[in-house]
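Me: Please give this model a close look, one part in particular. I want to know how its strands pair, and what surrounds them.

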Amino acid sequence: MKITFHGAARTVTGSKHLIEVNDKRILLDCGMVQGKRVESREANLKLPFDARSIDVMILSHAHIDHSGNVPNLVKSGFRGDIISTYATRDLCASMLLDSGSIQERDVEYVNKRHLKRGEPPVEPIYTQADAAKSLEYFITQGYDRPRQIMPGVTLTFKDAGHMLGSAFVILDIEDRETGRDVRLVFSGDLGRAGIPIIRDPELCDSADVLIMESTYGDKLHPPYADDTKRMEQIITQTYKRGGVVLIPAFAVGRTQQLVYTLHQLAINNDIPDIPVYVDSPLAIDVTSAFRLHPECYDDEIRAFMETGGRGRIDPFGFDMLTYTRASSESKKLNFLREPAIIIAASGMMEAGRILHHLKNRIEDPRTTVLVVGFQAENTLGRRIVERAKTVSIFGEQYDNNANVEVIEGFSGHADRDDLLHWVEAMHKKPRQTYLVHGEEPVALALAQTMRERFEMMTVEVPALHSSVEV
Ligand SMILES: [Zn+2]
Ligand SMILES: [Zn+2]
């Protein structure tokens, strides 16, 4: 059996791993590379394998760095099944179309420049129509429902506790070449205990070969409860200054967690009466998908909903909360003069309506930019987190006078100890472990920690496009 690491190798985005076994080709994830515009466009446009040669694709979860290039896979000739959980499929229905529209708009921008320079126009990586077509290839499978997906290969999804519908992937494979049974486990993105709405990550009882994420492989997150307290303080201080709290957030997952948390803070009067705006059409669509999948909820949110008795409480709606869909409503937020909280995508501040709000408010010292998610290298978000004095937004320079706060407790990712604990809990430890989905120094640090902790284990950090025989 051969594994080739075609993405998220020594970096975080672009998750794509190809398994070749018994003359079949299984693709784990088909994510988008995010970061520098030109390089990522090239990396996303041309798939590093022949799409027609892939027999089946397994999708760990709906985040764009895992699902975002699925439409291009289908556009490039893939005709197999894309297997995901139910919630992942429904989230992809909104997210991939949204991504298609981003690709279309991106190309408009690039082509304006090309026209000026007399260069030929370029095509979008995929369109909304391509994204819609790719949805026809999805088939769904619930958690803990092992199913044979091809002769000699059984797939089980387990709850990864990272976002709604997120799964880690167990493949039980009869490898005909070696005559061995191999259990290959792909962690996808692992969550952490205590994340609101969703259940804690399930444990994995055994693995022979493990492909594991390492996003926060050298860090520890503060507990969620402490960070809720800090969030309370940050909101109250900004309110007293008369400022606006801008929260850049993934429309998917993070926004719903924030809304639910703010709902709880508001009900308990832990924050002042402050209007909250979720300024993202995608977040609105995704919130509907959240309402459709109570099978993924944890006990805490169920109990919260039931406090309303028969008129069950909607965790994603409360009096001070407004969802803004139309761009005219979004623009009105520019004229807000009172304290408010504005949640908008994208999480790494690379696109979306958050850019307009940053442009409008980053020079105002009353503003707080509250960062609750991971910021990859070469993104505007990373520059802001590093408290750059000036930042470029839509090609213009702005002074960064805002108060920048980072709260890591809202992270949907396991930290170093969570990852170690997850491996520790396996009663049969993997003989081979490959760390992916982490920046190089972080992945290397975790590999070292794991080698010290689990003496019998071989832990490697594969290079991009490298292959291993297992
Ligand atoms: Zn993810
Ligand atoms: Zn990811």
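Reply: Strands here are DSSP runs of E, at least two residues long, and helices are runs of H or I, at least four long, both numbered from the N terminus. Two strands count as paired if DSSP finds at least two bridges between them. The model is predicted, so local features need pLDDT of at least 70 and side-chain atom pairs count only at pLDDT 80 or more, while totals for chains, interfaces and linings use all residues. Residues are numbered from 1 along each chain as its sequence is written, with chains lettered from A and ligands numbered from 1 in the order in which they are written.

Start with the hairpin. E17 and E18 form it, with two residues between them. Phe394 sits in the turn and has a positive phi of about 50 degrees. Strand E17 covers residues 390-393 and strand E18 covers 396-399. They run antiparallel, joined by four bridges. Within this pair, Ser392 faces Gln397 of E18.

Next, the parallel sheet. It is open, with six strands in the order E14-E13-E15-E12-E16-E19. From one strand to the next, the twist averages 20 degrees; axes are lines fitted to C-alpha atoms, for helices over the stretch in contact, and angles run from 0 to 180 degrees between N-to-C directions. Helix H11 (residues 354-361) packs on this sheet and touches strand E12 (244-248) and E15. Contact means C-beta atoms, placed from the backbone, within 7 Å. The direction of H11 makes about 145 degrees with that of E12. Strand E13 (276-278) and strand E15 (340-344) run parallel and share three bridges. Val278 has Ile343 of E15 as its bridge partner.

The other open sheet has mixed pairing. Its seven strands follow the order E6-E5-E4-E3-E2-E1-E22. Strand E6 (138-140) and strand E22 (467-469) are at the edges with a single partner strand each, so one side of each has no neighbour in the sheet. Here the twist averages 25 degrees from one strand to the next.

Look closely at E1 in this sheet. Strand E1 (2-7) pairs with strand E2 (16-21) in the antiparallel sense over five bridges. In E2, Glu20 is the bridge partner of Lys2, and His17 that of Phe5. E1 also runs antiparallel to E22, through three bridges. There, Thr4 stands opposite Ser467. Five of the six residues of E1 are buried, so the strand is largely enclosed by the rest of the structure. Buried means 20 or more other C-beta atoms within 10 Å of the residue's own; exposed means 12 or fewer, partly exposed in between, with C-beta atoms placed from the backbone.

Now the domains. Domain bounds come from an automatic or database assignment, which gives domain 1 (2-219 + 412-469) and domain 2 (224-406). Their centres, taken over C-alpha atoms, are 27 Å apart. Domain 1 brings 28 residues to the contact and domain 2 brings 26.

Last, the core. The largest nonpolar core has 128 residues, and Met57 and Val169 have the most contacts inside it. Such a core is a set of buried Ala, Val, Leu, Ile, Met, Phe, Trp, Tyr and Cys residues joined through C-beta atoms within 7 Å. Both domain 1 and domain 2 give residues to this core, so it lies between them. Leaving out residues up to four places away in sequence, Met57 touches Leu27, Cys30, Leu73, Phe78, Gly80 and Ile82.

Technical notes. Two residues are in contact if their C-beta atoms, placed from the backbone, lie within 7 Å.
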